[in-house]
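My notes follow in the order in which I looked things up.

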Amino acid sequence: MTDLRFAWLEITGKCQLSCTHCYAESGPRGTEGVLRTSDWLRLIDDVAELGAQSVQFIGGEPTLHRDLPEFVDRALGLGLEVEVFSNLVHIGPRLWDTFSRPGVRLATSYYSDDADQHEAITRRRGSHASTRANIAEAVDRAIPLRAGVIDVSTSDHIGQQRTHAARSDLSKLGVPDIGIDRVRAVGRGANASPGPDQLCGRCGHGAVAISPSGEVWPCVFARWISLGNILDTDLHTILSAERAAPPVTAGPSCWPQGGGTCAPNDEPRP
């Protein structure tokens, strides 16, 4: 890869929620994996040196990693744009200060304007009120924010999901950037082994994802395609290796669940 522009850094597999469709299969029993803080700092240095313009910290729930503010500081200091994809269930004062820094964006998922329906998906009582309140707080603080409304109704048998009402609710809260997407058949969203039809066909073109175990993937949704492990080989060598490209498909864009180079109309997103 000679055109790296974006990296997903999956810094933890731990999450307060157990969403029924989670592509990373995250939850309260998840862990931070084997990568240490020093490993992540080195990786942030590496992706900047390799030419990346932006990074997205994901999980799990990235705000549960105690060193997220340090990671954000490191990325900003290297001139990278930063996005944190959070469920926004709990944000403390230190993190609000971090998120309010120039160059930082937030992204979140939202499922319904109805609390019971939202929480049937997240599997945590009270999560709707917490997320909604923190969305409002981010808007009040003028922190750039986007939200993805993920339609899981076909897989969860929850009835007619109120996706359009959710989008309207987000708009009323002042969220400027809202997308609607379907579930990816990856992780807990899969009924069978995932395949290339879940990918947009641009995997590995300008973007890379790194897991808590050190595995390097061409996309957060292409979790069965390992390019190598940074505990065995440095990132530059992994991305320089010649290998067959992932199969090109006519699948959907990674936006809004993903980001980076896979936004609609070929528009790069942080």
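Predicted model: local features only at pLDDT ≥ 70, side-chain atom pairs only at ≥ 80, totals over all residues.

**Entry 1: L88**

Is L88 buried or exposed? L88 has a relative accessible area of 0%. The cut-off for buried is under 20%, so I wrote L88 down as buried. Next I looked up the backbone. Phi of L88 is near 55°. That is a positive value, and L88 is not a glycine. I then placed the residue: L88 sits in the loop between β3 and α3, the helix of residues 93-99.

**Entry 2: N87**

Which residues does N87 touch, leaving aside neighbours within four places in sequence? I listed C15, Q16, L17, E61, T108 and T131.

**Entry 3: R123**

I looked for another positive phi. R123 has one, at about 60°, and R123 is not a glycine either. R123 is in the loop between α4 (115-122) and α5. Is R123 buried or exposed? Its relative accessibility is 55%. Exposed starts over 50%, so R123 counts as exposed.

**Entry 4: a cis peptide bond**

I checked omega along the backbone. The peptide bond from G59 to G60 is cis, with omega near 20°. I found G60 in the loop between β2 and α2.

**Entry 5: the whole chain**

I stepped back to the totals. The chain has eight helices and nine strands. How much of the chain is buried? Of its 270 residues, 56% are buried. I also looked at how far apart in sequence the contacts reach. Among contacts between residues at least 6 apart, 70% join residues at least 24 apart.

I turned to strand β1, residues 6-10. Five of its five residues are buried. I checked which way they point. F6, W8 and E10 point one way, while A7 and L9 point the other way. Residues on both sides are buried, E10 included.

Which way does β1 run beside β2, parallel or antiparallel? The pairing is parallel, over five bridges. In that pairing A7 stands opposite V55 of β2. β1 also pairs with β7 in the parallel sense, over four bridges. There F6 has A207 as its bridge partner.

**Entry 6: β2 and β3**

I followed the pairing on from β2, residues 54-58. Four bridges join β2 to β3, and the two run parallel. V55 turned up again, opposite V82 in β3. β3 covers residues 81-85, and four of its five residues are buried.

**Entry 7: β7 and β8**

I moved to β7, residues 207-210. A207 and A209 point one way, V208 and I210 the other, and all are buried. What is the sense of the pairing between β7 and β8? It is antiparallel, over two bridges, with β8 spanning residues 215-217. A209 has W217 as its bridge partner in β8. The two strands form a hairpin with four residues between them. G214, in the turn, has a positive phi of about 95°.

**Entry 8: α1 against α2**

I finished with the helices. Two packed helices are described by the angle and the distance between their axes. I looked up α1 (residues 37-49) and α2 (residues 68-77). Their axes come within 9 Å and cross at roughly 20°. Angles under 35 degrees count as roughly parallel, so α1 is roughly parallel to α2. The crossing is right-handed. From α1, the contact uses T37, W40, L41, I44 and D45. From α2, it uses E70, F71, R74 and A75. By class I noted five nonpolar, one polar and three charged residues.

**Entry 9: α5 against α7**

At what angle do α5 and α7 pack? α5 (residues 127-140) meets α7 (residues 163-173) at about 40°, with the axes 9 Å apart. R132, I135, A136 and V139 of α5 make the contact with D169, L170 and L173 of α7. This contact has five nonpolar, no polar and two charged residues.

Conventions. Residues numbered from 1 in each chain as written. Heavy atoms only, no water. Axes fitted to C-alpha atoms, helices over the stretch in contact; angles between N-to-C directions. Contact = heavy atoms within 4.5 Å. Nonpolar A, V, L, I, M, F, W, Y, C, P; charged D, E, K, R; others polar. Parallel < 35°, antiparallel > 145°, perpendicular 65-115°, else oblique. Left-handed = near helix turned anticlockwise from the far one by under 90°. Buried < 20%, exposed > 50% of the residue type's maximum accessible area, 1.4 Å probe, protein only. Pairing = 2+ DSSP bridges.
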